Amino acid sequence: MEKTEICLGIESTAHTFGVSLVTGRGEILSDERSVYKPPPGRGIHPRESAQHHAQQAAPTLKEAFRKAGVKPSQIDAVAFSQGPGLGPCLRTGATVARALALYLKVPLVPVHHAIGHIELAALKTGAVDPLVVLVSGGHTSIVAFSAGRWRVFGETEDITLGNLLDAFAREAGLPSPGGPMVERLAGEGKRFVELPLTVKGNDVSYSGLLTYTVKLLREGVHRLEDLCFSLQEVAFSALAEAAERALAFLEKKELLLAGGVAANRTLQKKLRIVAREHGARFLVVPREYSGDCGAQIAWTGILAYRCGVQVSVERSQVKPRWRLDSVPIPWRR
Ligand code: AMP
Ligand code: MG
(Lines give C-alpha, C1' and ligand atoms only; values in the text may rest on other atoms or scores of the structure.)
(Ligands and ions follow the chains in the order given, each with its own letter.)
Protein backbone atom coordinates (compact mmCIF):
# COMPACT_ATOMS: atom_id res chain seq x y z
CA MET A 1 0.00 0.00 0.00
CA GLU A 2 1.08 3.55 -0.69
CA LYS A 3 2.80 5.30 2.18
CA THR A 4 0.65 7.81 4.04
CA GLU A 5 1.10 10.39 6.77
CA ILE A 6 0.55 9.56 10.42
CA CYS A 7 -0.60 12.24 12.82
CA LEU A 8 -0.64 12.01 16.58
CA GLY A 9 -3.52 13.96 18.14
CA ILE A 10 -3.82 15.11 21.73
CA GLU A 11 -7.15 16.12 23.25
CA SER A 12 -7.27 17.84 26.65
CA THR A 13 -9.94 20.58 26.60
CA ALA A 14 -11.93 19.46 29.64
CA HIS A 15 -12.58 16.05 31.21
CA THR A 16 -10.77 13.81 28.72
CA PHE A 17 -7.09 13.30 28.08
CA GLY A 18 -7.01 11.52 24.74
CA VAL A 19 -4.26 10.37 22.41
CA SER A 20 -4.85 8.97 18.95
CA LEU A 21 -2.84 7.95 15.91
CA VAL A 22 -4.59 8.46 12.58
CA THR A 23 -3.35 7.98 9.02
CA GLY A 24 -3.83 10.16 5.96
CA ARG A 25 -6.32 7.56 4.73
CA GLY A 26 -8.51 8.21 7.75
CA GLU A 27 -7.63 4.96 9.54
CA ILE A 28 -7.79 5.35 13.31
CA LEU A 29 -4.87 3.18 14.44
CA SER A 30 -5.49 3.84 18.14
CA ASP A 31 -7.65 6.12 20.26
CA GLU A 32 -6.80 6.03 23.96
CA ARG A 33 -8.64 8.05 26.60
CA SER A 34 -8.46 8.71 30.27
CA VAL A 35 -11.43 10.57 31.70
CA TYR A 36 -11.42 12.73 34.84
CA LYS A 37 -14.55 12.25 36.93
CA PRO A 38 -15.41 14.96 39.45
CA PRO A 39 -16.64 13.80 42.87
CA PRO A 40 -20.45 13.32 43.07
CA GLY A 41 -22.38 16.58 43.22
CA ARG A 42 -19.56 18.65 41.77
CA GLY A 43 -18.67 19.96 38.34
CA ILE A 44 -15.26 19.75 36.66
CA HIS A 45 -12.58 21.55 38.67
CA PRO A 46 -10.16 22.83 35.97
CA ARG A 47 -7.01 22.42 38.07
CA GLU A 48 -7.92 18.93 39.30
CA SER A 49 -8.76 17.85 35.78
CA ALA A 50 -5.43 19.28 34.54
CA GLN A 51 -3.61 17.31 37.25
CA HIS A 52 -5.39 14.19 36.11
CA HIS A 53 -4.24 14.89 32.54
CA ALA A 54 -0.64 15.42 33.65
CA GLN A 55 -0.63 12.12 35.54
CA GLN A 56 -2.26 10.20 32.71
CA ALA A 57 -0.29 11.70 29.82
CA ALA A 58 2.62 9.25 29.76
CA PRO A 59 0.63 6.00 30.15
CA THR A 60 -2.01 7.15 27.64
CA LEU A 61 0.63 8.04 25.06
CA LYS A 62 2.43 4.77 25.59
CA GLU A 63 -0.74 2.77 25.14
CA ALA A 64 -1.72 4.70 22.00
CA PHE A 65 1.62 3.87 20.37
CA ARG A 66 1.48 0.25 21.51
CA LYS A 67 -2.05 -0.37 20.20
CA ALA A 68 -1.27 1.32 16.89
CA GLY A 69 1.96 -0.64 16.45
CA VAL A 70 3.66 2.61 15.52
CA LYS A 71 7.01 3.97 16.70
CA PRO A 72 7.34 7.65 17.65
CA SER A 73 9.87 8.07 14.82
CA GLN A 74 7.11 7.24 12.28
CA ILE A 75 5.00 10.27 13.21
CA ASP A 76 4.74 13.10 10.65
CA ALA A 77 2.94 15.68 12.79
CA VAL A 78 1.70 16.31 16.32
CA ALA A 79 -1.73 17.96 16.57
CA PHE A 80 -3.27 19.34 19.75
CA SER A 81 -6.49 20.97 20.93
CA GLN A 82 -5.48 24.62 21.11
CA GLY A 83 -8.94 25.61 22.33
CA PRO A 84 -11.59 26.35 23.31
CA GLY A 85 -11.70 24.81 26.76
CA LEU A 86 -10.48 25.04 30.33
CA GLY A 87 -7.15 26.90 30.52
CA PRO A 88 -5.23 24.54 32.85
CA CYS A 89 -6.42 21.46 30.90
CA LEU A 90 -5.52 22.98 27.54
CA ARG A 91 -2.08 24.00 28.81
CA THR A 92 -1.31 20.48 30.00
CA GLY A 93 -2.13 18.95 26.61
CA ALA A 94 -0.27 21.70 24.76
CA THR A 95 2.84 21.15 26.88
CA VAL A 96 2.89 17.45 26.04
CA ALA A 97 2.33 18.21 22.34
CA ARG A 98 5.11 20.81 22.20
CA ALA A 99 7.60 18.51 23.91
CA LEU A 100 6.82 15.68 21.48
CA ALA A 101 6.95 17.88 18.37
CA LEU A 102 10.30 19.34 19.42
CA TYR A 103 11.77 15.97 20.33
CA LEU A 104 10.58 14.27 17.13
CA LYS A 105 11.35 17.36 14.99
CA VAL A 106 7.91 17.34 13.34
CA PRO A 107 5.36 20.15 12.81
CA LEU A 108 3.06 21.17 15.66
CA VAL A 109 -0.49 21.52 14.30
CA PRO A 110 -3.10 23.56 16.20
CA VAL A 111 -6.67 22.21 16.07
CA HIS A 112 -9.94 23.81 17.13
CA HIS A 113 -11.72 21.27 19.32
CA ALA A 114 -15.21 21.80 17.85
CA ILE A 115 -13.93 21.57 14.29
CA GLY A 116 -12.37 18.29 15.40
CA HIS A 117 -15.83 17.01 16.42
CA ILE A 118 -17.23 18.04 13.03
CA GLU A 119 -14.43 16.62 10.88
CA LEU A 120 -14.33 13.28 12.70
CA ALA A 121 -18.13 13.02 12.39
CA ALA A 122 -17.84 13.80 8.67
CA LEU A 123 -15.10 11.18 8.24
CA LYS A 124 -17.12 8.50 10.01
CA THR A 125 -20.47 9.23 8.29
CA GLY A 126 -19.30 10.29 4.84
CA ALA A 127 -21.04 13.68 5.18
CA VAL A 128 -19.88 16.06 2.45
CA ASP A 129 -21.64 19.40 2.93
CA PRO A 130 -23.88 19.07 5.98
CA LEU A 131 -25.78 21.35 8.26
CA VAL A 132 -24.14 20.34 11.54
CA VAL A 133 -25.85 20.26 14.92
CA LEU A 134 -22.93 20.20 17.33
CA VAL A 135 -23.94 19.38 20.90
CA SER A 136 -21.42 18.77 23.65
CA GLY A 137 -20.24 20.00 27.00
CA GLY A 138 -18.66 23.02 25.35
CA HIS A 139 -20.88 23.69 22.33
CA THR A 140 -24.46 23.93 21.21
CA SER A 141 -24.17 25.27 17.69
CA ILE A 142 -25.87 24.91 14.33
CA VAL A 143 -23.20 25.40 11.70
CA ALA A 144 -22.58 25.03 7.99
CA PHE A 145 -19.55 25.56 5.81
CA SER A 146 -19.52 28.68 3.64
CA ALA A 147 -16.82 30.87 2.11
CA GLY A 148 -13.85 29.26 3.85
CA ARG A 149 -15.20 28.81 7.34
CA TRP A 150 -17.73 26.96 9.41
CA ARG A 151 -20.39 29.63 9.96
CA VAL A 152 -22.73 29.69 12.92
CA PHE A 153 -26.40 29.83 11.95
CA GLY A 154 -27.73 29.24 15.43
CA GLU A 155 -26.42 28.59 18.92
CA THR A 156 -27.24 28.69 22.58
CA GLU A 157 -27.45 32.13 24.07
CA ASP A 158 -26.29 30.90 27.47
CA ILE A 159 -25.40 27.38 28.67
CA THR A 160 -24.83 24.40 26.38
CA LEU A 161 -27.10 21.39 26.08
CA GLY A 162 -24.42 19.24 27.75
CA ASN A 163 -24.22 21.71 30.65
CA LEU A 164 -27.98 21.69 31.03
CA LEU A 165 -28.15 17.90 31.35
CA ASP A 166 -25.02 17.64 33.53
CA ALA A 167 -26.10 20.46 35.87
CA PHE A 168 -29.59 19.03 36.29
CA ALA A 169 -28.19 15.55 36.92
CA ARG A 170 -25.83 16.97 39.54
CA GLU A 171 -28.74 18.66 41.34
CA ALA A 172 -30.56 15.32 41.28
CA GLY A 173 -27.54 13.59 42.86
CA LEU A 174 -26.75 11.55 39.76
CA PRO A 175 -23.13 10.64 38.94
CA SER A 176 -21.10 12.31 36.17
CA PRO A 177 -21.47 12.49 33.22
CA GLY A 178 -25.11 13.41 33.68
CA GLY A 179 -26.35 13.17 30.10
CA PRO A 180 -26.49 9.36 29.87
CA MET A 181 -28.09 9.16 33.34
CA VAL A 182 -30.81 11.63 32.37
CA GLU A 183 -31.39 9.63 29.18
CA ARG A 184 -31.77 6.38 31.11
CA LEU A 185 -34.23 7.85 33.64
CA ALA A 186 -36.15 9.67 30.90
CA GLY A 187 -36.87 6.25 29.40
CA GLU A 188 -38.92 5.49 32.52
CA GLY A 189 -40.76 8.83 32.46
CA LYS A 190 -44.49 8.67 31.88
CA ARG A 191 -45.99 12.07 32.60
CA PHE A 192 -45.01 15.19 30.69
CA VAL A 193 -44.41 18.16 32.98
CA GLU A 194 -44.83 21.60 31.40
CA LEU A 195 -41.46 23.39 31.23
CA PRO A 196 -40.44 26.68 29.55
CA LEU A 197 -39.16 26.32 25.99
CA THR A 198 -37.12 29.22 24.59
CA VAL A 199 -36.24 29.62 20.91
CA LYS A 200 -35.27 33.03 19.54
CA GLY A 201 -34.87 32.87 15.79
CA ASN A 202 -32.29 30.13 15.27
CA ASP A 203 -30.97 30.42 18.81
CA VAL A 204 -31.92 28.49 21.92
CA SER A 205 -31.59 29.40 25.58
CA TYR A 206 -31.34 26.81 28.35
CA SER A 207 -30.56 28.59 31.60
CA GLY A 208 -34.20 29.48 32.36
CA LEU A 209 -35.18 25.88 31.65
CA LEU A 210 -32.48 24.65 34.05
CA THR A 211 -33.52 27.00 36.85
CA TYR A 212 -37.18 26.08 36.50
CA THR A 213 -36.61 22.33 36.32
CA VAL A 214 -34.29 22.42 39.34
CA LYS A 215 -36.96 24.37 41.25
CA LEU A 216 -39.52 21.65 40.47
CA LEU A 217 -37.00 18.98 41.48
CA ARG A 218 -36.50 20.64 44.88
CA GLU A 219 -40.26 20.94 45.43
CA GLY A 220 -40.36 17.16 45.13
CA VAL A 221 -43.84 17.00 43.58
CA HIS A 222 -42.84 15.21 40.39
CA ARG A 223 -41.01 11.92 39.85
CA LEU A 224 -37.40 12.39 38.79
CA GLU A 225 -38.07 10.14 35.78
CA ASP A 226 -40.88 12.46 34.62
CA LEU A 227 -38.67 15.52 35.03
CA CYS A 228 -35.85 13.88 33.02
CA PHE A 229 -38.32 12.90 30.32
CA SER A 230 -39.81 16.39 30.14
CA LEU A 231 -36.44 18.13 30.29
CA GLN A 232 -35.21 16.10 27.32
CA GLU A 233 -38.44 16.71 25.40
CA VAL A 234 -38.33 20.48 25.85
CA ALA A 235 -34.57 20.98 25.42
CA PHE A 236 -34.36 18.77 22.32
CA SER A 237 -37.55 20.20 20.77
CA ALA A 238 -36.11 23.71 21.07
CA LEU A 239 -32.93 22.61 19.32
CA ALA A 240 -34.84 20.69 16.64
CA GLU A 241 -36.95 23.78 15.94
CA ALA A 242 -33.87 25.98 15.55
CA ALA A 243 -32.14 23.36 13.39
CA GLU A 244 -35.22 23.01 11.20
CA ARG A 245 -35.28 26.72 10.51
CA ALA A 246 -31.61 26.69 9.51
CA LEU A 247 -32.11 23.61 7.33
CA ALA A 248 -35.09 25.16 5.53
CA PHE A 249 -33.12 28.35 4.97
CA LEU A 250 -29.87 26.76 3.77
CA GLU A 251 -31.46 23.85 1.88
CA LYS A 252 -28.58 21.53 2.82
CA LYS A 253 -29.06 17.91 1.80
CA GLU A 254 -27.40 16.44 4.90
CA LEU A 255 -28.07 16.97 8.59
CA LEU A 256 -25.15 15.80 10.71
CA LEU A 257 -25.41 15.36 14.48
CA ALA A 258 -22.05 15.53 16.31
CA GLY A 259 -20.58 15.97 19.82
CA GLY A 260 -21.07 14.08 23.08
CA VAL A 261 -24.84 14.63 23.34
CA ALA A 262 -25.25 13.14 19.84
CA ALA A 263 -25.27 9.74 21.56
CA ASN A 264 -28.78 10.50 22.87
CA ARG A 265 -31.47 8.43 21.10
CA THR A 266 -34.33 10.85 21.74
CA LEU A 267 -32.37 13.72 20.25
CA GLN A 268 -31.45 11.56 17.26
CA LYS A 269 -35.11 10.68 16.74
CA LYS A 270 -36.22 14.32 16.73
CA LEU A 271 -33.55 15.44 14.28
CA ARG A 272 -34.13 12.44 12.02
CA ILE A 273 -37.73 13.65 11.60
CA VAL A 274 -36.56 17.20 10.82
CA ALA A 275 -34.17 15.87 8.17
CA ARG A 276 -36.79 13.63 6.62
CA GLU A 277 -39.33 16.46 6.34
CA HIS A 278 -36.82 18.55 4.43
CA GLY A 279 -35.49 15.85 2.14
CA ALA A 280 -32.09 15.75 3.85
CA ARG A 281 -30.06 12.68 4.78
CA PHE A 282 -29.73 12.28 8.55
CA LEU A 283 -26.26 11.33 9.76
CA VAL A 284 -25.02 10.84 13.28
CA VAL A 285 -21.49 10.34 14.54
CA PRO A 286 -20.97 6.77 15.85
CA ARG A 287 -21.34 6.62 19.63
CA GLU A 288 -17.71 5.64 20.26
CA TYR A 289 -16.54 8.85 18.55
CA SER A 290 -19.24 11.23 19.81
CA GLY A 291 -17.47 12.33 23.00
CA ASP A 292 -14.12 14.07 23.28
CA CYS A 293 -11.24 11.97 21.94
CA GLY A 294 -7.79 12.17 20.44
CA ALA A 295 -9.07 10.93 17.06
CA GLN A 296 -10.97 14.16 16.39
CA ILE A 297 -7.73 16.08 16.85
CA ALA A 298 -5.50 13.63 14.97
CA TRP A 299 -7.79 13.47 11.92
CA THR A 300 -8.30 17.24 11.76
CA GLY A 301 -4.55 17.49 12.29
CA ILE A 302 -4.01 15.44 9.14
CA LEU A 303 -6.31 17.71 7.12
CA ALA A 304 -4.65 20.87 8.45
CA TYR A 305 -1.09 19.53 8.13
CA ARG A 306 -1.67 18.72 4.45
CA CYS A 307 -2.61 22.36 3.88
CA GLY A 308 0.54 23.54 5.62
CA VAL A 309 -1.17 24.64 8.83
CA GLN A 310 1.31 24.60 11.71
CA VAL A 311 2.44 26.79 14.58
CA SER A 312 5.82 27.46 16.17
CA VAL A 313 6.20 26.49 19.82
CA GLU A 314 6.71 30.18 20.66
CA ARG A 315 3.31 31.08 19.21
CA SER A 316 1.36 28.06 20.36
CA GLN A 317 -0.41 29.61 23.37
CA VAL A 318 -3.74 27.98 24.09
CA LYS A 319 -6.98 29.80 23.25
CA PRO A 320 -9.61 29.05 25.93
CA ARG A 321 -12.27 31.16 24.21
CA TRP A 322 -11.50 30.47 20.54
CA ARG A 323 -14.58 30.85 18.37
CA LEU A 324 -15.30 28.21 15.77
CA ASP A 325 -16.29 30.70 13.08
CA SER A 326 -12.97 32.54 13.33
CA VAL A 327 -10.93 29.59 12.05
CA PRO A 328 -9.97 29.45 8.33
CA ILE A 329 -10.57 25.96 6.87
CA PRO A 330 -8.26 25.61 3.85
CA TRP A 331 -9.05 21.92 3.28
CA ARG A 332 -12.72 22.47 2.37
CA ARG A 333 -14.30 24.27 -0.55
P1 AMP B 1 -18.12 16.12 24.92
O2 AMP B 1 -17.86 17.44 25.58
O3 AMP B 1 -18.23 16.21 23.44
O4 AMP B 1 -17.21 15.01 25.38
O5 AMP B 1 -19.58 15.68 25.42
C6 AMP B 1 -19.84 15.50 26.77
C7 AMP B 1 -21.30 15.77 27.04
O8 AMP B 1 -22.13 14.79 26.39
C9 AMP B 1 -21.63 15.71 28.50
O10 AMP B 1 -22.42 16.85 28.81
C11 AMP B 1 -22.44 14.42 28.63
O12 AMP B 1 -23.37 14.44 29.70
C13 AMP B 1 -23.12 14.38 27.30
N14 AMP B 1 -23.62 13.05 26.92
C15 AMP B 1 -22.92 11.91 26.73
N16 AMP B 1 -23.75 10.87 26.43
C17 AMP B 1 -25.01 11.37 26.44
C18 AMP B 1 -26.31 10.82 26.22
N19 AMP B 1 -26.49 9.54 25.94
N20 AMP B 1 -27.37 11.65 26.33
C21 AMP B 1 -27.20 12.96 26.61
N22 AMP B 1 -26.02 13.54 26.82
C23 AMP B 1 -24.93 12.77 26.73
MG1 MG C 1 -16.23 18.22 23.04
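Contact here means heavy atoms within 4.5 Å. The structure is a predicted model.

**Cores.** By this definition of contact, Leu161 touches Val135, Thr140, Tyr206, Ala235, Phe236, Leu239, Val261 and Leu267, leaving aside residues up to four places away in sequence. Leu161 is also one of the residues with the most contacts inside the largest nonpolar core, together with Leu267 and Leu271; this core has 83 residues. Helix 7 (residues 224–250) gives the most to it, with 13 residues. Because domain 1 (6–117 + 290–326) and domain 2 (129–287) both give residues to this core, it lies between them. Another core, of 26 residues, lies apart from it and includes Leu61, Val78, Ala94 and Leu108.

An open sheet is formed by 5 strands in the order 3-2-1-4-5, with mixed pairing. Strand 3 (28–35) and strand 5 (108–112) are its edge strands, each pairing on one side only. On average, neighbouring strands are turned by 20° against each other, direction ignored. Strand 2 (residues 16–23) pairs with strand 3 in the antiparallel sense over 7 bridges, and Gly18 stands opposite Arg33 in strand 3. Helix 2 (residues 87–104) packs on the sheet and touches strand 1 (6–11), strand 2, strand 4 (77–83) and strand 5; the direction of helix 2 makes about 160° with that of strand 4.

**Aromatic pair.** A search of the whole structure finds 1 aromatic pair. The ring centres of Phe145 and Trp150 are 5.6 Å apart and the planes are at 70°, so the pair is edge-to-face.

| Residue | Relative accessible area | Class |
|---|---|---|
| Phe145 | 9% | buried |
| Trp150 | 0% | buried |

Conventions. Residues are numbered from 1 along each chain as its sequence is written. Chains are lettered from A and ligands numbered from 1 in the order in which they are written. This is a predicted model: local features need pLDDT of at least 70, side-chain atom pairs count only at pLDDT 80 or more; totals for chains, interfaces and linings use all residues. Side-chain values use heavy atoms; hydrogens and water are left out. A nonpolar core is a set of buried Ala, Val, Leu, Ile, Met, Phe, Trp, Tyr and Cys residues joined through side-chain atoms within 4.5 Å. Buried means under 20% relative accessible area, exposed over 50%, partly exposed in between (1.4 Å probe, protein chains only). Helices (H or I, at least four residues) and strands (E, at least two) are DSSP runs, numbered from the N terminus. Domain bounds come from an automatic or database domain assignment. Rings of Phe, Tyr and Trp (its six-membered ring) pair if their centres lie within 6.5 Å; planes under 30 degrees apart count as stacked, over 60 as edge-to-face and the rest as tilted. Two strands pair if DSSP finds at least two bridges between them. Axes are lines fitted to C-alpha atoms, for helices over the stretch in contact, and angles run from 0 to 180 degrees between N-to-C directions.
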